[in-house]
Amino acid sequence: MIKLERVGKAYRSTERRDVPALFDIELTIEAGEMVAVVGPSGSGTSTLLNVLSCLDLPSDGRYLLDGVDVGRLSKRRLARLRGRLIGFVFGNFDLIPRASVQENVELPLLYRRAGVRRRRARAALDRVGLRGHYGDRPVELFEAQRQKALIARALINDPAVLLDDDPTGGLDAGSATEIMELFAELNEAGRTIIYCTHDEDVAAWATRIVRMRAGRVVSDRRNVPYRPHRPRRPHLRAV
Ligand SMILES: Nc1ncnc2c1ncn2[C@@H]1O[C@H](COP(=O)(O)OP(=O)(O)OP(=O)(O)O)[C@@H](O)[C@H]1O
Ligand SMILES: [Mg+2]
C-alpha cells in the first residue's frame with residue numbers, strides 16, 4: 001500500500017541552508033494496519049505524515065503509493081491518486097463556524113451535484129456516529145464530536161488510508177478514548193489508519209508503533225492493540 005525507500009525531506013529555509021527534517025526513512029505499511037507515529041516535538045512526525053499524504057514530495061528517495069512512484073506523476077495525476085486513496089484530517093483546517101456540520105463535511109465535494117454531496121456527507125457523518133447532527137453548527141458540538149466531523153470530512157471519498165496528525169491533541173481522556181474507539185472500528189472494517197501522537201495511551205491502540213527521533217525512525221514494532229472491555233458503539237451510548 002505504502003512504501004518509502006530511503007526518503008529524505010528538507011525544508012527550503014529563508015536563509016541559504018535547507019532544514020533537513022527526515023533522513024533515510026524506510027517504511028512499508030500494508031493495507032489494514034493501524035500505525036501510530038510517536039516522537040518528541042520536532043522529530044519529524046508531521047513531516048512524515050505530510051509526505052505520506054502527498055501534500056509534500058520527498059526531497060530524496062522514493063514514495064510508492066499503491067505501487068506508483070508519486071515523485072514521477074504530474075500534479076494532476078498525483079491529485080487524482082491522492083483523492084482516491086488518501087483521506088487526511090487537517091488539524092489546522094478547522095470547521096467553518098457559520099456552516100452546518102453537513103455543509104462542512106461536504107466541502108471536499110464542492111464540484112459535485114448537491115444530491116451527491118448531501119448523500120455522501122450524511123453517510124460519512126453516520127459512519128463516525130454523528131447521525132442526528134447534520135444541521136448543527138460546529139459550536140453546538142462537543143469537542144470530540146467536532147473532531148469526528150473532521151474525520152467524516154476526510155472519509156467523504158471513502159479513502160483506503162486515513163491520516164490524522166494528532167487526533168486527540170487538546171482532548172480530555174474520555175474524548176480521546178471516543179476518537180480511538182472510532183479509529184479501531186474504522187480499522188477493523190479494513191481501513192488503513194496512520195496517526196501521530198505524543199500520548200502513549202493513544203499510541204497503545206495501534207497495531208504497530210513507529211518511533212521517531214531527529215528525523216529518523218528509531219523503532220518500529222508490532223503492538224498488541226489496546227481495546228477496552230465494553231461494547232464499542234460509542235454513538236449509541238446514552239449521554
Ligand atoms: N515549513 C517548515 N519550514 C522549515 N522547517 C520546518 C517546517 N516544518 C517543519 N520544519 C522543521 O522540521 C523539523 C520537523 O518538524 P515536524 O513538524 O515534522 O515535527 P513534529 O514531530 O511534527 O513535531 P510536533 O510533535 O511538535 O508536532 C523541525 O525541526 C521543524 O522545525
Ligand atoms: Mg507535528
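1. Asp126 counts as partly exposed at 22% relative accessibility (buried is under 20% relative accessible area, exposed over 50%, partly exposed in between; 1.4 Å probe, protein chains only). Its side chain meets that of Arg131 in a salt bridge, 3.5 Å from N to O (a side-chain nitrogen of Lys or Arg within 4 Å of a carboxyl oxygen of Asp or Glu). Arg131 is exposed, with a relative accessible area of 60%.

2. A word on the basis: this is a predicted model, where local features need pLDDT of at least 70, side-chain atom pairs count only at pLDDT 80 or more, and totals for chains, interfaces and linings use all residues. Residues are numbered from 1 along each chain as its sequence is written, and side-chain values use heavy atoms, leaving out hydrogens and water.

3. Do look at Lys148 and Glu178, whose side chains form a salt bridge at 2.7 Å, N to O. Lys148 lies in helix α5 and Glu178 in helix α6, so the pair ties together parts 30 residues apart in sequence (helices are DSSP runs of H or I, at least four residues; strands are runs of E, at least two; both are numbered from the N terminus). Lys148 is buried at 4%, whereas Glu178 is partly exposed at 24%.

4. Arg62 and Glu5 also form a salt bridge, 2.9 Å from N to O. Arg62 sits in strand β4 and Glu5 in strand β1, 57 residues apart. Lys3 joins these two residues in a network of salt bridges. The structure holds 14 salt bridges.

Technical notes: Chains are lettered from A and ligands numbered from 1 in the order in which they are written.
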